[in-house]
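Biologist: I am new to this structure. Please show me how to read it.

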Amino acid sequence: TEMEQALRLALERNEFELYYQPVCNLETHKVVSVEALIRWHRPGNGLTGPGEFIPLAEETGLIQPIGLWVLQRGCEQLMQWQEQGLDNLCMAVNVSSNQRQLGFDARMAEKIIKRTGADPEKLVFEITESMFLDSSDAAVTWLKEFKALGAKLAIDDFGTGYSSLSYLKQFPVDKLKIDRAFVRDLPDNKEDASLVSAIIAMSQSLDLELIAEGVETLEQLHYLNQLNCTNIQGFLLSKPVTAERLPEVIRQIE
Ligand code: G
Ligand code: G
Ligand code: MN
Ligand code: NA
């Protein structure tokens, strides 16, 4: 298709850009990390969001080179912010489940980390919950190798898959990101409220760091704070912004 042709050329034509959305710790009120979110300056179509092309990239295998570009660009940006004094910031990048099948692994990540000089301890790989349904030795080893680099692992969109927290104990994960679908109707929706408080309680007992996604209102923030949710991300703090704007956004939040 036409879009596929254009997507094939997008990397060499340098049409991708990373935007960054801050994650704030509710105890320290500091921005502790950012999530890198890809955008495509598609000629004749303006700024195109990942929802419109990541599925196609996954189908065509283009997600592999795009994923490597995202990691490289994210690491470079981490170094640049470090030089500007933003040296406690972590960077989360999304990894699609088929990147593993296409051969993406910790060795590839390590090359990029070394090349850019980024601190692997500041990197978080966000992996969707569905990937954790595969508890084969190969899958667990694949994850452990990222941990061996010093990087952190987060389960993205938690609650939308079918895994249980006890099952997740087998995996070397550090963080859970509660999907925004469970945050949207807080605190009024009683089912969502009890679900979220159960996730928070269990994550505490398993010693997993928690991030609530999609926080848009002060009511949601206060409710999550009451439940001792440690971190939030969402439009209430900031929408995803360019690298250039991030320092100013952080100053406003803190
Ligand atoms: O930014 P937005 O909310 O439109 O993102 C939509 C979806 O695209 C999210 O689920 C997000 O995880 C995914 N996405 C954004 N950037 C990347 C990326 O660099 N790689 C992969 N694999 N997915 C991404
Ligand atoms: O699946 P993933 O968590 O990677 O998706 C992140 C996406 O969620 C980004 O594309 C971002 O634009 C979107 N997003 C971030 N914060 C909010 C929010 O507060 N409300 C809504 N509706 N979407 C959000
Ligand atoms: Mn994500
Ligand atoms: Na998510």
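Biologist: What percentage of the 254 residues in the chain do buried residues make up?

Modeller: This is a predicted model, in which local features need pLDDT of at least 70, side-chain atom pairs count only at pLDDT 80 or more, and totals for chains, interfaces and linings use all residues. Residues are numbered from 1 along each chain as its sequence is written, and chains are lettered from A and ligands numbered from 1 in the order in which they are written. A residue is buried if 20 or more other C-beta atoms, placed from the backbone, lie within 10 Å of its own. Buried residues are 37% of the 254 in the chain.

Biologist: Which residues have the most contacts inside the largest nonpolar core?

Modeller: In soluble globular proteins, nonpolar side chains tend to be buried together. A nonpolar core is a set of buried Ala, Val, Leu, Ile, Met, Phe, Trp, Tyr and Cys residues joined through C-beta atoms within 7 Å. Here the largest core has 65 residues, and Met91, Phe125, Ile178 and Ala212 have the most contacts inside it. Helix H3 (residues 63-83) gives the largest share of this core, 7 residues. Helices are DSSP runs of H or I, at least four residues, numbered from the N terminus.

Biologist: Which residues come nearest to ligand 2?

Modeller: A residue is near a molecule if its C-beta atom, placed from the backbone, lies within 6 Å of it. Of the 13 residues around ligand 2, the nearest are Leu37, Gly214, Glu216, Gly234 and Phe235.

Biologist: What follows H6?

Modeller: Gly150 follows H6, and its phi is positive, near 105°. The end C-alpha atoms of H6 (residues 137-149) are 19 Å apart, which agrees with the 18 Å that its 13 residues should span at 1.5 Å a residue, the expected span being 1.5 Å times one less than the number of residues.

How values were computed: A residue is buried if 20 or more other C-beta atoms lie within 10 Å of its own, exposed if 12 or fewer, and partly exposed in between; C-beta atoms are placed from the backbone. Helices (H or I, at least four residues) and strands (E, at least two) are DSSP runs, numbered from the N terminus.
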